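Please look over the fold, the core and the backbone of this protein. The report below takes them in turn.

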Amino acid sequence: MPRDNKKSLIQKIANQANITFKDFNASAIGDNKVLLDNKGDLITLLTEIRAADLKMKPNGSHSEHNPPVTYMHICETESFSMGVFLLNNGASIPLHDHPGMNGMLKVLYGKVSIRCFDLLDKPSDQVQSEIQFDPPLLPFQKDSLRRAVLRSTMWFTHDSSPCILTPQRENLHQIDTVDGPAAFLDILAPPYDPEDGRDCHYYKVLQTVPDADSKVEAQQQWEEDTWLLEIGQPDGFWCGGEPYPGPKVSF
């Protein structure tokens with residue numbers, strides 16, 4: 001269609017994101033073919049995006065005097081939000097969650113390492129009492145203890161396909177730069193909204209103390225699991241803001 005060809009790629013991505021997530025229901029995903037097809041179309045568009053499409057120059061906005069992480073807001077609706085994260089050399093976005101949300105992350109330049117986790121059911125009091133941590137947990141911290149599984153650790157560049165998270169799978173992740181600054185386009189659906197139960201929670205990975213008296217089966221299960229502790233925003237991490245320089249997005 002001629003008119004569609006005149007649209008910027010980022011506008012096409014926004015339009016497809018709106019179509020994909022407009023009626024999203026985290027509790028009724030299943031094998032929804034329409035949703036899967038729409039997500040496939042969105043992933044195809046995201047795979048094409050490059051820094052130049054957003055009028056961004058690789059490494060052009062990075063300085064040791066800037067915040068470690070900077071966010072460029074592009075657009076937000078009730079269904080999704082979209083923006084660009086800029087990470088300085090050595091910067092990290094700490095391990096965090098996206099409650100009931102989908103996410104798509106496409107690197108624009110640089111290289112990032114992403115560790116993705118699944119949260120498991122909250123451990124029982126008995127299980128908690130049998131696990132010892134190093135350093136030991138304080139009594140008030142036990143309510144913030146969660147089990148998780150490390151699903152993947154991968155490197156992503158501008159040539160990579162998008163990194164995908166869903167409400168059920170790889171919903172927690174940590175993002176670290178590799179060998180220099182980086183930037184990525186980020187779509188979250190629906191957006192964070194603390195008033196609607198979608199606040200951002202931070203976690204740290206705990207180290208367990210082996211127990212020689214534990215049963216082999218229990219030891220094997222615990223070794224497969226990762227133990228996380230919900231924490232406040234980590235010291236040293238903060239995110240600044242910067243105007244988005246690319247094509248305007250509208251609906």
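Helices (H or I, at least four residues) and strands (E, at least two) are DSSP runs, numbered from the N terminus. By that count, Pro 190 sits in the loop between S9 and strand S10 (202-205). The model is a predicted one.

**Overall make-up**

The protein has 5 helices and 12 strands. Of its 251 residues, 46% are buried. Contacts with a separation of 6 or more are 84% between residues 24 or more positions apart. The accessible surface of the protein is about 13,700 Å². Carbon and sulfur atoms hold 48% of that surface.

**The sheet**

An open sheet is built from 6 strands. Their order is S7-S4-S9-S2-S1-S12, and the pairing is mixed. Strand S7 (163-165) and strand S12 (239-241) are the edges, and each pairs on one side only. From one strand to the next, the twist averages 25 degrees.

At one end of that order, S4 and S7 run antiparallel and are joined by 3 bridges. Met 104 has Ile 164 of S7 as its bridge partner.

**Helices across the strands**

H2 lies across S1, S2, S4 and S9, and runs at about 30 degrees to S9. H3 lies across S4, S7 and S9, at about 15 degrees to S4.

Which residues of H2 are buried? They are Leu 9, Ile 10, Gln 11, Ile 13, Ala 14, Gln 16, Ala 17, Thr 20 and Phe 21. An α-helix has 3.6 residues a turn, so residues three or four places apart point the same way. Among what covers the buried residues of H2 are helix H3 (33-48), strand S1 (69-76), strand S2 (81-87), strand S4 (102-109) and strand S9 (182-189).

**The cores**

The largest nonpolar core has 31 residues. Within it, Ile 13, Met 56, Met 82, Val 84, Leu 185 and Ile 187 touch the most other members. H2, H3, S1, S2, S4 and S9 each give two or more residues to this core. H2 gives the most, with 6 residues.

Ile 187 shows how these parts meet. Leaving out residues up to four places away in sequence, Ile 187 touches Ile 13, Ala 17, Phe 21, Leu 42, Leu 46, Phe 80, Ser 81, Met 82, Asn 102, Gly 103 and Met 104. Another core, of 17 residues, lies apart from the largest one. Its members include Val 107, Phe 156, Ala 182 and Phe 184.

**A buried histidine**

His 173 belongs to strand S8 (residues 172-177). Is His 173 buried or exposed? Buried means under 20% relative accessible area. His 173 has 5% relative accessibility, so it counts as buried. Beyond residues up to four places away in sequence, His 173 touches Pro 94, Leu 95, His 96, His 98, Leu 105, Ile 114, Arg 115, Cys 116 and Leu 165. Two of these contacts, His 96 and His 98, are histidines like His 173 itself.

**Backbone points to check**

Most residues other than glycine have a negative phi, and most peptide bonds are trans. The table lists exceptions in this model.

| Site | Feature | Value |
|---|---|---|
| Asp 134 to Pro 135 | cis peptide bond | omega near 0 degrees |
| Ala 189 and Pro 190 | cis peptide bond | omega about -10 degrees |
| Lys 55 | positive phi | about 55 degrees |
| Asp 179 | positive phi | near 60 degrees |

Where do these sites lie? Pro 135 is in the loop between helix H4 (125-130) and strand S6 (145-156). Pro 190 is in the loop between S9 and S10. Lys 55 is in the loop between H3 and S1. Asp 179 is in the loop between S8 and S9.

Exposed means over 50% relative accessible area. Lys 55 has 59% relative accessibility, so it counts as exposed. Asp 179 is exposed too, because its relative accessible area is 74%.

Definitions and conventions:
Residues numbered from 1 in each chain as written. Predicted model: local features only at pLDDT ≥ 70, side-chain atom pairs only at ≥ 80, totals over all residues. Heavy atoms only, no water. Buried < 20%, exposed > 50% of the residue type's maximum accessible area, 1.4 Å probe, protein only. Contact = heavy atoms within 4.5 Å. Core = buried A, V, L, I, M, F, W, Y, C linked by side-chain atoms within 4.5 Å. Pairing = 2+ DSSP bridges. Axes fitted to C-alpha atoms, helices over the stretch in contact; angles between N-to-C directions. Areas by Shrake-Rupley, 256 points an atom, 1.4 Å probe, with all protein chains shown as cover.
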